[in-house]
Amino acid sequence: VWTGWGWARGTGRPPRLSPAGLPWVLFAAWALVATTWSVNPADSLRRTLELVGAVLAFWLGRTCARQGVKLRTLAVGAAALCSVYGVLQFLGIDPLPWSTRFGARAFGTLANPDYYAGHLTLVLPLALAAFVVARGGGALAAGETAVLAAGFLLSQVRGAWLAAGTAAAWMAWCIIRGGPLRPQERSRLARSGAVAAAMLALAFAFSADFRGRLTSLVAVRGYDATGRRFLWTVAEHIWRERPLAGFGTGSFKFQFPRHQAVGLTMGLPQFRSYNYSEHAHNEVLQFGAELGAVGLFLFAWGILAWWWSWRARVRALATLGARRAWWEEVGLGAGIAGVGAYTMVNFPFQIVPTAALIWILLGASSGRGEAEDREWTLPGPLARLAGGALVALGLAGAILAARDFPGNACFKNLRGLGEQGGWHNAVGWGLRA
């Protein structure tokens, strides 16, 4: 609202558009338009505002493109604090009354191990890259990387573990192409690998749950793997009905019951419990079902535009021998690659904290890789129109969020406790939560 108000009044720096930002503008606009053909436009608008808000974080990233170290420090530090909490959860130390049934699996403050592991898939390569080039002993960077790795393993999310392999392969390829490693870089990479292997061995030795989930990675016909294939098949059926435009943002859950019976053909015992699912557990299929081939094309265009700029910058930094900046970009690229792989089995672009950080990092990276003379300044009338649209989006998001508060589970619990056991108990519960 603040940014849009400045544009609408014509004060401050006028809005600028870059080649890397153009596809995201069109993607956000398409997501907004797609709400009009949803069977529930009001609910679709709620999901659209979440998605568009995360996409607009791309320009937040561009504003701090020259402050990459600060941005990385904040992202890694926040995830490390979250992971300290996640490790404590695994150890059975958690004072908060979470309404979950994940056993000893860590989920930090994101309420679900899948959400938590997806976030760490993005952040962990940033932390590793920072540790490799940290000045001095790098004790803080080493501690952050270690606690992130511990939380990541203890989340016990198999899809994220596989996605981490993609991130590692991406980073290894960049290292091979980036020239010989310096002694500090080689030493710290070796130490990181040794610590990760030790953590894996300890978790495998002392946690039966961890052993079970690790060994089930090869169970391609198991209960969970079959459930994923069921969701993907349903999403494919939905997309096939409207291949170009989809059914509207956030409408997958409304179309899902019509194809639920496909579970009968898969020998899926739990297909009845899937009578409602908001997520296809595959972002390509979900975007296809909701936004059609048009939305998926715009999304792919945005990712490829970033990749082209990132690739050129990494090559230039390697030629210049700017190792700290090079590692920063390599870590960011590996994180994006890991999240990209994770989208094949989960939905990180629908988890707002993770999605916003993804687009912030994409914006920061593209801002460092593009020259300002390639940006287009919007003319006055168009800038005011864009400002008015931003103000409207911000106010709509605030109104929808305010309407959600009366139905919030935390407030419902507070009210119930107050009516049944006195407001003293309710206030105590609320303070803990």
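Student: How many helices and strands does the protein have?
Tutor: The model is predicted. Buried residues make up 47% of its 433 residues. Its secondary structure comes to 17 helices and two strands.

Student: What share of the contacts between residues at least 6 apart in sequence join residues at least 24 apart?
Tutor: A contact here means heavy atoms within 4.5 Å. Taking the contacts between residues at least 6 apart, those joining residues at least 24 apart come to 77%.

Student: How far does helix α8 reach from its first C-alpha to its last?
Tutor: Helix α8 covers residues 183–206, which is 24 residues. At 1.5 Å a residue the expected reach is 34 Å, and the model is close to that, at 35 Å.

Student: Which residues of α8 are buried, and what covers them?
Tutor: Residues three or four places apart on an α-helix point the same way, because there are 3.6 residues a turn. In α8 the buried residues are Glu185, Arg188, Leu189, Ser192, Met199 and Ala203. Their cover includes α5, α6, α7, α9 and α13.

Student: Which residues does Phe27 contact, leaving aside neighbours within four places in sequence?
Tutor: Contact again means heavy atoms within 4.5 Å. With those neighbours left aside, Phe27 is in contact with Leu51, Val55, Phe287, Leu291, Gly295, Leu298, Phe299 and Trp359.

Note on methods. Residues are numbered from 1 along each chain as its sequence is written. This is a predicted model: local features need pLDDT of at least 70, side-chain atom pairs count only at pLDDT 80 or more; totals for chains, interfaces and linings use all residues. Side-chain values use heavy atoms; hydrogens and water are left out. Helices (H or I, at least four residues) and strands (E, at least two) are DSSP runs, numbered from the N terminus. The expected span of a helix is 1.5 Å times one less than its number of residues. Buried means under 20% relative accessible area, exposed over 50%, partly exposed in between (1.4 Å probe, protein chains only).
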